[in-house]
Amino acid sequence: MSFSNSISATAPILHRKQQSQQTMRMRIILQILVLLFISCQGQTNKVSQVTNSKENIVNDTSLVPSDSTIFYFPVKSFSDTTKGVGLDSFLVAWYSRQLLALREPVIYSDKSENEIYRFTWLRTFHNPIAIRIEKHSDEYILYWKLSNGAGGYDPGELTIDKQKILDAKTWQEFISMLNQADFWKLVSKEVNYGKDGSEWILEGKTENKYQVVGRWSPEKNSKFYQCCYFLLDLTDLKIEDRENY
């Protein structure tokens with residue numbers, strides 16, 4: 001056999017080896033990409049997230065306090081001299097700690113033109129929940145969050161953080177319910193407490209005013225309760241009857 005014939009005979013073998021090596025490299029690269037994808041999924045799934053919007057919803061964390069020393073409410077809103085000195089600051093500190101764990105922004109000091117309402121539900125033995133509805137010009141956004149602690153104890157860590165776009169009709173329905181409840185005229189806090197129950201806190205902020213109303217386990221037939229529960233019904237949260245108090 002001549003030298004040229006030997007080269008022509010081994011060329012296909014070398015070609016097949018090169019193809020085999022390229023295939024192996026591609027498989028290794030694909031395996032690495034799959035592992036990276038799974039790793040990323042494992043990190044993002046620590047907090048359940050969903051976005052339902054025609055466009056990307058603007059990140060709302062710009063007003064989240066950097067530490068627990070900042071209050072979420074003006075202390076004077078919860079003044080109540082009949083229950084002893086320090087009650088107002090105790091309540092505000094309690095509420096603020098829960099909202100910080102939920103990674104919620106501070107509403108009352110917000111300087112934007114957005115109209116914002118937030119229902120904070122602090123049940124003694126169940127997960128803290130915050131539901132916020134905002135009007136950004138002609139867009140309406142609902143945010144809802146849940147942590148894995150308890151409203152009467154440690155708030156735990158944020159486990160649900162979701163948002164979706166609403167239509168103008170839903171927004172107007174909620175505003176109508178607020179007006180029927182005389183939300184802007186309600187006193188911020190009533191003298192009504194119990195051992196086991198829940199705090200229902202509803203805030204409202206427009207361009208030039210702020211209101212916060214807190215009630216301890218309100219009556220289910222009250223208009224205030226209905227306003228808060230309307231927001232809860234807009235989320236995908238499933239609350240058992242025994243956990244609704």
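How many residues lie between strand 2 and strand 3 in their hairpin? There are 5 residues between the two strands, and the views below start from there. This is a predicted model, in which local features need pLDDT of at least 70 and side-chain atom pairs count only at pLDDT 80 or more, while totals for chains, interfaces and linings use all residues. Residues are numbered from 1 along each chain as its sequence is written, and side-chain values use heavy atoms, with hydrogens and water left out.

**View A. Strand 2 and strand 3 form a hairpin.** Helices (H or I, at least four residues) and strands (E, at least two) are DSSP runs, numbered from the N terminus. The two strands run antiparallel and are joined by 7 bridges; strands count as paired if DSSP finds at least two bridges between them. Look for threonine 120, which stands opposite alanine 130 in strand 3.

**View B. Strand 3 also pairs with strand 4 (residues 139-147).** This pairing is antiparallel too, over 8 bridges. Arginine 132 has tyrosine 143 in strand 4 as its bridge partner. The hairpin of strand 3 and strand 4 has 2 residues between the strands, and serine 137 in the turn shows a positive phi of about 60°. Strand 3 is largely enclosed by the rest of the structure, because 7 of its 8 residues are buried; buried means under 20% relative accessible area, exposed over 50%, and partly exposed in between (1.4 Å probe, protein chains only).

**View C. Arginine 123 in strand 2 is a buried residue.** Its relative accessible area is 2%. Leaving aside residues up to four places away in sequence, arginine 123 touches several residues, among them Ile129, Ser198, Glu243 and Tyr245; a contact means heavy atoms within 4.5 Å.

**View D. Helix 4 (residues 223-233) is largely enclosed by the rest of the structure.** That is so because 8 of its 11 residues are buried, including Phe224, Tyr225 and Leu232. What covers these buried residues includes strand 2 (115-123), strand 3 (129-136), helix 3 (168-180), strand 6 (198-205) and strand 7 (210-216).

**View E. Cysteine 227 and cysteine 228 are among the buried residues of helix 4.** Cysteine 227 has a relative accessible area of 1%, and cysteine 228 has 0%. The structure holds 0 disulfides.

Terms used
Disulfide = S-S within 2.5 Å.
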